[in-house]
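Student: Can you take me through this model? I'd like to begin with the ligand.

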Amino acid sequence: MTVFGEAAERVRSGADHRVEARALIAEMTLAEKLGCLDGDVDFWPGHIDMVSGGYYAHAWPAAAVERLGVPGIWFADGPRGCVINPSTAFPVSMARGATFDPELEERIGEAIGAELAIHGATFTAAVCLNLLRHPAWGRAQETYGEDPHHVGEMAAALARGLQNHVMACMKHFALNSMENARFSVDVTADERALHEVYLPHFKRVADEGVASTMSAYNSVNGEWCGDSPTLLTDVLRSEWSWDGFVITDFLFGLRDPIGSVGAGCDIEMPFRQQRELVLAEAVRDGLLAEETVDAAVENIVATLLRFGPVIDEKPDPARLEGAAHRALAREASAASMVLLSNDGLLPLSAESKRAAGSKLDSVAVLGHLADTVNLGDGGSSDVHPTEVVTPLAGLRNALPQVAITHHDSDVSIARDADAVIVVVGYTSADEGEFIGDALHEVAHLLPPRPERSASAPEPEPAREETNDEPAATPEIDPHGEPESTFAPGGDRRSLRLSEADEALIAQACATSDRVVVAVMGGSAVVMPWIDEPAAVLQIWYPGAEGGTALADVLLGDAEPGGRLPFAQPVDERDLVEFDPDASAATYGLLHGQWHLDQMGTAAARPFGFGLGYTTFDLSFDELRTDGGELTAIVTASNAGARDGSTVVFAFATVHGSAFERPHRRLVGFSRIGISAGESLETSISLDLTQLHVRNNGEWLDERGDYEISIGLSADPAGLQSHTVNRAGLRSVAPSQRRHQRTPRGSRP
Ligand code: BGC
């Protein structure tokens, strides 16, 4: 058995993983230790392999020490599924956010984790949880929504599920909610905005025991995130006592290869890049203390030891894209679809045909996206399943007896159809991860490209043995000029649909009064046309079984379970400012629904909005106070004739607060299923930490009148409330240790 294997055994039997890690590090040479602080593949061959298809072909190693058996990390990404081909594509995270169902999200995490492990990965950065400050963010689809409590609960559930099989990493730490400018923007946030709005969900996932944190590309208050002692040491370690290792975002994730080690950044990912060029010399010249190197290596090795049993566990390879995972993708997709309007046409059935009550004979399907594989972002979260059921295929499979016609734009097919389904929205050309010409912008951070006469690239490290023996990292010619496989992506310039899509909707509605519009996309869409169609469904990027799920929902075999995880504005000018090209941005206390509430502006559809196929009545029976804890006792009744489910939201308002706050802040939610005509009492424990105020390094638990409101969305008209008095003002956490700040380095 290797030295690492023996240490892992002892940890399994109860030994302290940090003590064992320190003993193991004492046996490592300096070169081995420095080798842990970046990826295990040389930059140029690695980069060329990665962008020309290798990203989706195999896991990427870092921090392996062969001599001692330290396995290192084998990275493959998510969060839509495992990015190594082929894998099950689930609906994107924003869709899953709309389910408001952490239990479902945990099951999805477990399934993605199993597929990652089957493909040979031991580590994934699938837990993306940056707050949706503005829906134009190109990677909105990779997170869960605009609210810190909700995002934290969903991301914690994903991490829990994943960590049955792999180590999970939360990202991008922090304030990375813009795409085009991510490599250069400095985000300013004052102490309250940072700690009360943009970090609580990260703390939630840190408390869940996530193995790793990925720093963001941008800088925060002048410190590049990958080099930031404030974020990586003061917040993560000193304040949150989080136990794990930090990695950079890929390729340009740090700017100070030496200083970043002491700042708390453990691994430069994913290649031997900036640190490779300078660290050995820095230790030799006394610029970097060996103890600082040891501390970073300890974070990595201790986490590997802690996760030993998880990494050793090998899921059954038959699970890869198996029936159970496809069924889960289908369930999640239906549970995520948000019914934004419905004049009674849905669910489609013999009864819903408002003409003579005959059965559904013909369906017209319009829009090229109906017949297009459209799974979302074409960058780091892209997933390639073997089979994708498009909306058109889903309808054809579900309705073999019905005449289904499809055309991209000819609305004449809608004229006599019993139902008209118009599929519109975005693709990876409109939104998603953006690389642009970043490589040129940061050319000064890259190792020199080998001359053509250079000797052949070093062989890559041998792969760990895995279930299905994945391909080893191939040898790549470092001189190659790869054609990137990544889609353009980027932030959206508008929250409206394209003119062509809006025209198609208008023409379809002018031709038929039985139009259902299904909108694909990663976040909020401004819909000035929303009252024209008979029904509107937001179907997101719905995953490999999205077409099946859409048919399930349209035909009433499943409910549209989703509720909006953000406020949908009437006009994008109602929201906070968003400039994709900004070199500096200030994130304040209020955005999304909170901002609309503050401005007294109604949303087109508020946070939490979503119709079902039945209706629910709520009764807020009691607000229980037990010590410091608050619990809302609510009875929900299914007032319709169908079984169904809904989401009950609990918001809090602190009356007479000395501080600016959101009018109402989410402190709890619960998804409940109830049979037709039945009632169910549910208790929702309220997360009062969401209301703590950050002031000069301390947390204040402000006392006074707390109004707790319960409703089926954030619409004030539908809320019922109880108020409880909490007296006094007290500090709930000690002030934090201060570290010397390093200034932000020079810009590229
Ligand atoms: C993205 C990360 C991702 C990484 C590896 C980066 O460009 O920002 O979210 O995990 O690539 O694919």
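Tutor: A polar contact here is a pair of N or O atoms within 3.5 Å; within protein, one must be able to donate a hydrogen and the other to accept it, and residues adjacent in sequence count only if both atoms are side-chain atoms. This is a predicted model, where local features need pLDDT of at least 70, side-chain atom pairs count only at pLDDT 80 or more, and totals for chains, interfaces and linings use all residues. Residues are numbered from 1 along each chain as its sequence is written, and side-chain values use heavy atoms, with hydrogens and water left out.

Student: OK, how far is the ligand oxygen from the N or O atom in the side chain of Tyr-55?

Tutor: The distance is 2.6 Å. Lys-171 has a side-chain N or O atom 2.9 Å from an oxygen atom of the ligand, and for a polar side-chain atom of Asp-249 the distance to a ligand oxygen is 2.7 Å.

Student: How much of the ligand does the protein bury?

Tutor: The protein buries 96% of the 310 Å² that the ligand exposes when taken alone. Those accessible areas come from the Shrake-Rupley method with a 1.4 Å probe; for residues, only the protein chains shown count as cover.

Student: How many bridges join β13 to β14?

Tutor: 5 bridges, with β13 (residues 362–366) and β14 running parallel. Ala-364 stands opposite Thr-405 in β14.

Student: What about the sheet of 4 strands, what order does that have?

Tutor: That open sheet runs β9-β8-β6-β18, again with mixed pairing. The edges are β9 (223–224) and β18 (584–586), each pairing on one side only. β6 (residues 186–188) and β8 (residues 219–220) pair in the parallel sense over 2 bridges, and Asp-186 has Ser-219 in β8 as its bridge partner.

Student: Now the backbone. Is the peptide bond from Gly-78 to Pro-79 cis or trans?

Tutor: It is cis, with omega near 5°. Pro-79 is in the loop between β3 (73–75) and α5 (93–99). Pro-86 is also found in the loop between β3 and α5, and the peptide bond from Asn-85 to Pro-86 is cis, with omega near -20°.

Student: And what is the phi of Ala-63?

Tutor: Ala-63 has a positive phi of about 65° although it is not a glycine. Its place is the loop between β2 (60–62) and β3.

Definitions and conventions: Pairing = 2+ DSSP bridges.
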